[in-house]
Every structure is written in C-alpha cells, then in structure tokens.
Amino acid sequence: MGKTFGIPSIFLPAAGPGQTAGITEFCTRRPQPVISLILPVLNEAPILAEALSGLPQASDLEILLIDGGSTDATQEIAGCFPNVRWVSAPRGRGGQMNAGARLARGDFFVFLHIDTVLSTAHLAALRQVLLDPRVGAGAFELRLTPPTPFLRFIAWGANWRSRLFRLPYGDQAIFVRRDLFLALGGFAHRHPEDLDLVLRLRRLTRVHILTPPVSSSGRRWLKHGNLRTSGYHWVFLIRHLAERLLTRRWPPMGQLFSG
C-alpha cells in the first residue's frame, strides 16, 4: 500500500468511560510479538483443548482468547495453556474481537474462528506478506472438514468468491495490519461483522488471498443441513449488501473504541 492510514501503528488510544467495562485480562508480559492471533469464543469447551493444542508457538506470535461469557469449562481449559492470554469481554463476536485488538501488541492482527486450523505453514505465509508494505489485509483459501462432496463444493465456491470479488468470510482467518485496522475503527458490533470489515477494507487496500488453505469445520452444515445452511448464508449476504446500498445502517467506521 505504501501509505499510512491516519493512525500510527504504535498508537492505541486510552479507553474512555464505558469503553472497556466488563473486560478483564489475565496475562504475563512477553517479548513484543509481530503477529497477534485473536480468537473469540463462547462455550467452546468440547473443542477448545484440541484447538489450542494445534496452534503454532513462536516468539513472534501472541495468542489472545476472547471469551464472551462462557458458562462451561472454557476458562478452566484455557488456563492450562500458559502461552494463551485469556480475556473476558461482553458477548458478541465483533465486540470480542475489538476487545482483543485493543489489548493486542502485534503489527498484524489475525482473527481466527476456534474451529479453523492455523498451522506453521500459514504462519510462514503471514510472515512473508508482513515483509511487503503493500499488503494491508487478506485471508486464506478455505477447506471444509469433513471433506464430503457437498462441503468440497461449498469450499470451492468460497475460494472462487474470494479470488474474484476479494470477499473472504471470517472462517478464512482474516488478517489486517494494525494501523489499517485502527484507521477503520475495527469491527462493527453487529452481524455480519466480518463481511462488513472486508467491504470497508476493500476501499483502502487490495484484500490478498493466501495459500495453503485453512481447514475449517463444516459443523454448521452437518448440524442444520447442507441446503438450509447454504441458503441462509446467501440470503444473509444479499440482505447485507442491500442494507449497505439502500440504508445508512452501516457507517464507514467500526466500533473499536465504543462501549
């Protein structure tokens, strides 16, 4: 990109009244990270230990788990992983990811769903693009598991959508440079927060799609049915685009510094 976005990368405004209410952090100080991995969770105890065990560990990586008020054993399981910073924030994926971004210390933010697998190969790809100042944001190609014929077809369509329209979804591990994320005001606190952020990103930078694909769980399709889940996603996409075109419900800035 070769330009700044109005907010220096080391600047994080102090929170005003009401901005961090309900946010509690338990962590120890570590060397300055380059990449901040931000994972919003809510009652994910059944899969949390396996997901955290599979994350790469590196001196230039910090991992923040943003809990939206889980009532299961999520916090206890997270406490078994000393390399993970556990953060409690008000429920809502957009607000949770904003809470993580306010505490993150890396130059790159990676927003990861807990059922999406990020490996050392993906970390190497991120390190490579971090060296190019023209790369402001992006995501990875997608692979859905288990690899049923229908889920392979869905992943194929998602990858074509990402390449043609530069429109990845949250299960593709969206990453953003710190200064660009701050300049955009982070996520909205309404769903679909990931789609809204990507559409705002496209106004300022090219959204890059990296390989190798990340593997993400197809549990929504398995639980609710293939056609029902896919139809819901298409209806939600069309509705969101119509709202952006015909209404003012989606402002050009996110809600990173709002309560």
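Predicted model: local features only at pLDDT ≥ 70, side-chain atom pairs only at ≥ 80, totals over all residues.
**Stop 1: the largest pocket**

Select D171, H191, R220, W221 and H233. Of the 46 residues that line the largest pocket, these lie nearest its centre. The space here amounts to about 1400 Å³.

Now colour the elements around the pocket. Those that give two or more residues to the lining are β2 (35-41), α3 (93-103), α5 (149-165), α7 (193-201), α8 (219-224) and α9 (226-246).

Next, colour the lining by residue class. It divides into 22 nonpolar, 12 polar and 12 charged residues.

**Stop 2: the second largest pocket**

Move to E50, A51, I114, D115 and V117. They are the closest to the centre of the second largest pocket, out of 13 lining residues. Its volume is about 230 Å³.

Which elements each supply at least two residues of this lining? Show α1 (45-53) and β6 (116-117). The largest share comes from α1, with three residues.

Colour by class again. The lining of the second largest pocket has seven nonpolar, three polar and three charged residues.

**Stop 3: two cis peptide bonds**

Select T145 and P146. The peptide bond that joins them is cis, with omega of about -5°. P146 sits in the loop between β7 (137-145) and α5.

Then go to T211 and P212. A cis peptide bond joins this pair too, and omega is about 5°. Where is P212 found? Follow strand β9, residues 207-217, and P212 is in that strand.

**Stop 4**

Pick N43. Its phi is positive, near 55°, and the residue is not a glycine. Look for N43 in the loop between β2 and α1.

Is N43 buried, partly exposed or exposed? N43 has a relative accessible area of 33%. Buried means under 20% and exposed means over 50%, so N43 counts as partly exposed.

Finish at R166. This residue has a positive phi of about 50°, although it is not a glycine. R166 lies in the loop between α5 and β8 (174-177).

Note on methods
Residues numbered from 1 in each chain as written. Heavy atoms only, no water. 1 Å grid on protein atoms, 1.4 Å probe; cavity = no way out; pocket = protein on both sides within 12 Å on 5 of 7 lines; lining within 4 Å. Points joined across faces, edges and corners; volume = space filled by probe spheres on them. Helix = DSSP H or I, 4+ residues; strand = E, 2+ residues; numbered from the N terminus. Nonpolar A, V, L, I, M, F, W, Y, C, P; charged D, E, K, R; others polar. Buried < 20%, exposed > 50% of the residue type's maximum accessible area, 1.4 Å probe, protein only.
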